[in-house]
Amino acid sequence: MNEQLRLTLNTQLLTLDRENGSQALSEDCLNAIVQTTHSYTGVKTKSEILTQLIELYDLFLECHPRMANILFDLQHCILALQNSNRAPEEVLATAAAQLHQKKIERLSTASKYALPLLSKGGAILLHSYSASLGHLLERASTLENTPRVIVASQKKEKTDKIIKLLRNLRYKFYVVSEYSISQVLHEITLSIFGGLTLNADGILVLAPGSASLVSQLQAAQIPSYVYLPTNKFSLWQEPATTAFKEVRIKTLDNHIYDKHVFSHDQLHCRNCNGIITERGLLTADEVMGVFRSLQSKFAEHEIAIRTT
Amino acid sequence: MDFNQTIVLSVFIAVFAAIIAERIDKTIVVLLAAIGLIATRFIDFETAIHSIDFSTICLLLGMMLIVECLRQVRLFDWLAIKLALITRGNPAKIFLLGGIATAVLSAFLDNVTTVLVLAPLIISLAQGMGLPPKVFIFCVIFLSNIGGTATLIGDPPNILIGSQVPELTFTSFLEFLAPPAILSAAAALLYLAWRNKATIRSRSGHFQWFFISNLLLQDIRRKELEIQIPRRVIIRSGAVFFLVLLGFFTHSATHLEPPVVALSGASLLLLTFHKEIDLHRLVSHIEWPTLLFFSGLFVVVGAMEHTGILELFSVKLISMTSNLLLLILVVLWASAIMSAVVDNIPFVAVMIPLIKDLIASPQYSGQPNLHLLWWALALGACLGGNGSMIGASANVVTCAIARSKGISISFREFAVTALPTTLITIVISSLYLVLLYYF
């Protein structure tokens, strides 16, 4: 494994996930696979492209945190290529289009299950920007009793994205610092967070800052939900790491100290009220049941892509 | 040298030393020196005010307003994204097109603005693709200084020379300085490419690295959609900028001075985008300290001129040699060395009246190639800025941008790449001036 390659990919994945959300990132990865295969100047036979895709898959496997939805897309591409005799570019372009369509359907179904939560009006708390949440908000904007939105602000660029989205959808909203939500808890009726993945041990991986917000909301008995379609479940038996850890060297008055910076937060799925998936609004126990039911088919795919 | 001359010269040397020491902001240093000289009557208030070259100040102000206006309508963001998409994630294209774009932009905008627009993008592209970013950083720095050499408005030393020597028009700057600037840019690019062959090699034959480049491009495409600059903004700003350039080029026919052209362009842009821009914010982004620095410096140099120090120096310089070619080369190399180690503005400000005296002296009067002294000064002062990390503002700003992205460049590391590059460009300029002298 080329460590520099892995580190570059990992850093880029984290940056793009932070800026655009994991849904958009997986779209970008699919388009990049199609583009790379199209313009690749190496040998472009089926077996060579398969080897390259499996190497890319292994590279993604080593990234922290493991981005399951991208790995599933890659799996799908590899299997499609294995089972086809058409030109690799053509097969991958078709596979990408299919995956894109499935994503839209998945989001649409998940949003359908989440809409009743928003139809009661009130004020919902949003924190991290995500395309999935954007989809849900778009659907909810047509409701008769549209909720107000309170945005717990974090980095300016991310908060700006949520603000632009809310403005475009004509939501009533205001922004409060993520450190100060204790002052507005009495106004919040519901909170929804975007999730990156769910590990085999029931740990959810969320944007940094989310876990402490959920804790505060739970203490105040305000329902918290995580939007996580099943293609984001990390179906490997062994739980993957939940964050990329960076140790930054800092100085204060000539004293050097280490600052540990984590890319994501972790939270057990039992600590939120439910997970919004395309299979329904699931409790912690239900979601782990679905998780286990998906694991066996996933294991078959894992074996299949190695039998090239 | 009389008492007054000794004091004024001491003040100038102290100003130079304080600027090099960088303990106090250079604007404060120069303002204190100017006010001190006026208060102690080494130069009276009337003469001090007359010493300030408002032509230079207005040209700088006009160009700053244009740049800030274009920045507020996000034209530079749009340009940067377009550039990134054209490179298609190819390291060689990032290097080459990044360098060319830097040089061209620097020729028509100030160097600091150019590096503020392009350096973050080029560094992010290189880092995002896992490329060692330093070669791209050096490329931006060197090409910004080289590109700025090509025009009257490209670099502050040229603005100073162009404003204070009316017979040197925008077209003559371009005619005499663009060829060595283009040759120097090509040489610098070739030298950097030769030293970093492995880094800038295309990655389209390595699937994983190529995937990373394409992933980055997907994000840039997303950003392109997010920026969404209306077409009319691009067309209108392009049209006004074209008119400004046309104004500079047609100076000999219209007799509109460069500062008038720049301020007209700025006013037209402000009018065109009055709904899109926040005037107060725009004005607050003007580099007032730079304008104050120039004003103070003009007073200090005015005091030197008023007390006759510069005349004394020019007499000494004339008595040293009667060989004009040698003098041209001395001006070129001295300007380059001085620009590499100290701020080139005070040096050029002092050299302008000196060269004026030289040209007017009976020893050289009637010689056909006296104008080459101006080009030697401009080439030396602008290209010499590449010689060290503190040689030009663009170097300092780009290194700071790099540091903010976790890339540290030491003084020595900078010098190892910068000195050969500067040497190459000054040798090219020397040969060019020799050719002009003989042919």
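Buried area here means the accessible area, with a 1.4 Å probe, that two parts lose on being put together, summed over both. Keep in mind that this is a predicted model.

So, the interface. Between them, chain B and chain A bury about 2,300 Å², and 63% of that is on carbon and sulfur atoms. On the chain B side, the residues that lose the most area to chain A are Phe207(B), Gln208(B) and Phe211(B), together 32% of what that side buries. In terms of contacts, 21 residues of chain B touch 33 residues of chain A.

Now the polar part. The rule finds 11 residue pairs in polar contact across this interface, and two salt bridges. One of these pairs the side chains of Glu19(A) and Lys223(B), at 3.2 Å from N to O.

Which helices of chain B each supply at least two residues to the side that touches chain A? They are H7, residues 111-128, and H12, residues 207-227. H12(B) gives the most, with 14 residues. By class, that side of chain B has eight nonpolar, nine polar and four charged residues.

On to the second largest pocket. Its space comes to about 1,000 Å³. The lining has 37 residues, and those nearest the centre are Lys26(B), Thr290(B), Asp343(B), Ala392(B) and Ser393(B). Several helices of chain B give two or more residues to this lining, among them H1, H2, H17 and H7. By class, the lining has 23 nonpolar, seven polar and seven charged residues.

That is the end of my slides.

Definitions and conventions
Residues numbered from 1 in each chain as written. Chains lettered and ligands numbered in written order. Predicted model: local features only at pLDDT ≥ 70, side-chain atom pairs only at ≥ 80, totals over all residues. Heavy atoms only, no water. Contact = heavy atoms within 4.5 Å. Salt bridge = Lys/Arg side-chain N within 4 Å of Asp/Glu carboxyl O. Polar contact = N/O pair within 3.5 Å; in protein donor to acceptor, adjacent residues only side chain to side chain. Helix = DSSP H or I, 4+ residues; strand = E, 2+ residues; numbered from the N terminus. Nonpolar A, V, L, I, M, F, W, Y, C, P; charged D, E, K, R; others polar. 1 Å grid on protein atoms, 1.4 Å probe; cavity = no way out; pocket = protein on both sides within 12 Å on 5 of 7 lines; lining within 4 Å. Points joined across faces, edges and corners; volume = space filled by probe spheres on them.
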